[in-house]
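Here are some questions and answers on a predicted model. Have the structure open as you read.

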Amino acid sequence: MLEFYFSYCGVLKRLRSGALGGEMDRLAEHFFALGYKRASAKIYLSRIARFSQFAATRCGRMPIHQDVVDSYLCTFTTDSPRIGAASALGHARRVAPERFIASAPRVDDDPDTPLLTSFSDYLRKARGLEPKTREGVLLGGRRFLDWFRHHHPGQNLEALTAEHVLAAVEHRLSLSATTGTRTAATSHIRTFLVFMLGWPP
């Protein structure tokens with residue numbers, strides 16, 4: 001599936017090496033199935049490949065510990081590439097969770113954890129969504145928060161304006177290649193914003 005995005009033999013060989021080399025074709029299928037534009041998918045795959053090479057020097061083909069991920073993210077000196085790398089690795093974790101050693105989450109690591117936990121409960125109890133559907137909507141909320149934190153660092157969500165929402169939606173639409181994924185992206189953001197109007201309960 002990588003051949004859909006890359007054509008040079010040297011590039012394909014590099015992508016299929018490293019700690020996640022055996023998963024790269026699955027990841028390519030993942031981005032294709034989600035409807036990502038070719039350019040966007042290539043960016044994500046390249047980011048994952050760079051991490052894959054880094055991880056190979058730390059753990060080879062063994063499962064990747066969170067310390068390796070943290071060490072890699074610390075190599076970035078500015079927020080934008082760090083956020084981009086973290087987002088790409090989020091896809092890698094979802095597609096190949098067996099390649100990562102899960103660490104116990106800590107609430108204080110992420111200030112948005114209480115909000116997202118409450119949002120997940122809302123989707124399950126109030127909206128009655130099944131786990132897979134809930135996962136997609138929850139990811140939409142996470143992506144919205146990531147965008148807001150990146151573009152408006154230090155601001156509270158109370159400062160959210162209509163202009164912020166429109167900019168976030170335009171950003172998400174720019175990453176989607178099909179009408180279906182665009183519709184889903186805007187629907188997920190709308191659901192999250194409706195929930196936020198009543199949070200905390």
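**Packing and rings**

Q: What covers the buried residues of α2?
A: The model is predicted. Contact here means heavy atoms within 4.5 Å. The cover of the buried residues of α2 includes α1 (9–15), α3 (38–59) and α5 (79–95).

Q: Which residues of helix α2 are buried, and on how wide an arc do they lie?
A: Helix α2 spans residues 24–34. Its buried residues are Met24, Leu27, Ala28, His30 and Phe31. They sit on the same side of α2, because the arc they cover around the axis is only 155°.

Q: Is Ser120 buried or exposed?
A: Ser120 belongs to helix α6 (residues 113–125). Leaving aside neighbours within four places in sequence, Ser120 contacts Arg134 and Leu138. The cut-off for buried is under 20% relative accessible area. Ser120 has 18% relative accessibility, so Ser120 counts as buried.

Q: Are the rings of Phe4 and Phe32 stacked or edge-to-face?
A: Phe4 is in the segment before α1 and Phe32 is in helix α2, 28 residues apart. Their ring centres are 5.2 Å apart. Planes over 60 degrees apart count as edge-to-face. The planes of Phe4 and Phe32 are at 80°, so the pair is edge-to-face.

Q: Which residue lies over the face of Phe4?
A: Phe4 is partly exposed, at 35% relative accessibility. A charge sits over a ring only if it is within 6 Å of the ring centre. At 4.1 Å from the ring centre of Phe4 lies Arg38.

Technical notes
Residues are numbered from 1 along each chain as its sequence is written. This is a predicted model: local features need pLDDT of at least 70, side-chain atom pairs count only at pLDDT 80 or more; totals for chains, interfaces and linings use all residues. Side-chain values use heavy atoms; hydrogens and water are left out. Buried means under 20% relative accessible area, exposed over 50%, partly exposed in between (1.4 Å probe, protein chains only). Helices (H or I, at least four residues) and strands (E, at least two) are DSSP runs, numbered from the N terminus. The arc is that of the directions from the helix axis to the C-beta atoms. Rings of Phe, Tyr and Trp (its six-membered ring) pair if their centres lie within 6.5 Å; planes under 30 degrees apart count as stacked, over 60 as edge-to-face and the rest as tilted. A charge sits over a ring if NZ of Lys or CZ of Arg is within 6 Å of the ring centre and within 35 degrees of the ring normal.
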